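Dear colleague,

I am handing over the structure that we talked about, and my notes follow below it. Please read them with the model open beside you.

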Amino acid sequence: MAILATAVLLLASLPWLWTTIAARGHLYAEADAPAAEVVIVLGTAVAADRQRPGDRLTGRLETAAELVTSGRAKVVLVSGDGGGASGDEPAVMTSYLTELGVDARRVVADPFGLDTYDSCARAREVYGVQRALIVTQSYHLSRAVTLCRHLGLDVDGVTARCGCGPVLLAEKSIRDYFASGKAAWDAASDRAPAVRSPADPAVQDALRG
């Protein structure tokens, strides 16, 4: 019985192991991040007022703004759910980045980044991104990097500021462990993003601007 239980646990852990191992060598702290013309910021819940980013989203945006300010990125692609339960994530992200001093002409919003897989797929298929940094918290970063690289983007992950307590980190890490199963299924099935859009030159236009 113990051997069977161990085998089941190992099998269930394969997606998580895939996302963890595949991302090795592509994860960086903010201070050590390499350069790329584009930085992708993944959306998450906005604050209760629906006008400001929530704590975790604030950390992601502050990290992205620092990458732009320090010259390691030129354009920010904010990718999230424009009709999210907590509010319009990309609109809030765009507004906050401009408050942080990022030129609005350097921010491109994708309102159909409904999950991590869709954000990666649409960055490549719709916005023509080939090389980028991707910013999210540590518990999410390996999965994001692995999915984007699987979909053909040359990405490196940058750990976002968090200010997360140990309980929240544990909760999110457990959630991400289980989310890796969906990530593996999406990758294996090569599914299309939930929303298909024609090519959008906004990122390339911002780089030329």
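What share of the contacts in the protein chain with a separation of 6 or more comes from residues 24 or more positions apart? Such residues account for 76% of them, a contact being heavy atoms within 4.5 Å.

As to the basis, this is a predicted model, in which local features need pLDDT of at least 70 and side-chain atom pairs count only at pLDDT 80 or more, whereas totals for chains, interfaces and linings use all residues. Residues are numbered from 1 along each chain as its sequence is written, and side-chain values use heavy atoms, with hydrogens and water left out.

On the overall form, the C-alpha atoms of the protein chain fill a box of roughly 60 × 35 × 35 Å along the principal axes. Of its 209 residues, 46% count as buried, that is, under 20% relative accessible area with a 1.4 Å probe, protein chains only.

The protein chain has seven helices and six strands, taken as DSSP runs (helices H or I, at least four residues; strands E, at least two) and numbered from the N terminus. Their order from that end is α-β-β-α-β-α-β-α-β-α-β-α-α.

Turning to the lining of the largest pocket, helix 6 gives the most to it, with seven residues. By class, this lining holds eight nonpolar, eight polar and 11 charged residues, where Ala, Val, Leu, Ile, Met, Phe, Trp, Tyr, Cys and Pro are nonpolar, Asp, Glu, Lys and Arg charged, and the others, Gly among them, polar. A pocket here is an open set of points on a 1 Å grid over the protein atoms alone, where a 1.4 Å probe fits, with protein on both sides within 12 Å along at least five of seven lines, and lining residues have an atom within 4 Å of a point.

With best wishes

Terms used. Buried < 20%, exposed > 50% of the residue type's maximum accessible area, 1.4 Å probe, protein only.
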